[in-house]
Amino acid sequence: MAMHSPKNQGHRPMSDINITPMVDVMLVLLVIFIMAAPLMTQSVNVNLPSEKAEQISTDNTPVVLSIDASGQYFIDKAPIAPADLAAVLSTLAQKNAETPIHIRADESISYAKVAHLLTASQQAGLSKVSFLTQGGTGKAADAPK
């Protein structure tokens, strides 16, 4: 009868499978397939007809509304009376309601003047309104000199 000593038990073959390398290989294959999948899409070659049609003009040059330190309104450097502002903005909205409006206001102007421009733009139907500011080199009005 053969006896197994504890000294011989350390030389038995391992029966456990190490799955870490297999998981690594599978993850690499997964990444390769994910990256290659868009390249495998097939497109259908179609000869499109050519027609002469007018292109839709999308004039999206922004209109700059300005208020200087004295409270005077300007539209693209042209002075305008506050009473005429609503009519001019309505005309702009009728031409193209997607016209972007840029508001430039002097820092000494009260918020009421800026709110008047915002309200007039909204009532005219112009919804793309943004504010222009000076880059980080401006100094505060009450900074010591």
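Q: Which residues in α3 do Leu 85, Leu 89, Ser 90 and Ala 93 in α2 meet?
A: This is a predicted model, where local features need pLDDT of at least 70, side-chain atom pairs count only at pLDDT 80 or more, and totals for chains, interfaces and linings use all residues. Residues are numbered from 1 along each chain as its sequence is written, and side-chain values use heavy atoms, without hydrogens and water. Contact means heavy atoms within 4.5 Å; helices (H or I, at least four residues) and strands (E, at least two) are DSSP runs numbered from the N terminus. The α2 residues Leu 85, Leu 89, Ser 90 and Ala 93 meet His 116, Leu 117, Ala 120, Ser 121 and Ala 124.

Q: How many nonpolar, polar and charged residues does the contact of α2 with α3 have?
A: Ala, Val, Leu, Ile, Met, Phe, Trp, Tyr, Cys and Pro count as nonpolar, Asp, Glu, Lys and Arg as charged, and the others, Gly among them, as polar. By these classes, the contact has six nonpolar, three polar and no charged residues.

Q: At roughly what angle do the axes of α2 and α3 cross, and what does that make α2 to α3?
A: Axes are lines fitted to C-alpha atoms, for helices over the stretch in contact, with angles from 0 to 180 degrees between N-to-C directions. These two come within 8 Å and cross at roughly 40 degrees. Under 35 degrees counts as roughly parallel, over 145 as roughly antiparallel, 65 to 115 as roughly perpendicular and the rest as oblique. The angle therefore makes α2 to α3 oblique.

Q: Why do the buried residues of α2 line one face of the helix?
A: Buried means under 20% relative accessible area, exposed over 50%, partly exposed in between (1.4 Å probe, protein chains only). In α2 (residues 85–95) the buried residues are Leu 85, Leu 89, Leu 92 and Ala 93. They line one face because, seen down the axis, they fall within an arc (of directions from the helix axis to the C-beta atoms) of 100 degrees.

Q: Which exposed residues does the face of α2 turned away from its buried side carry?
A: The buried side has a cover that includes β1 (63–67), β2 (73–75), β3 (78–80) and α3 (111–124). The face turned away carries Gln 94 and Lys 95.

Q: Where is Asp 76 found?
A: Phi of Asp 76 is near 50 degrees, a positive value in a residue other than glycine. Asp 76 counts as partly exposed, at 43% relative accessibility. It is found in the loop between β2 and β3.

Q: What is the relative accessible area of Lys 77?
A: Lys 77 lies in the loop between β2 and β3. Phi of Lys 77 is near 70 degrees, also positive in a residue other than glycine. Lys 77 is exposed, at 80%.
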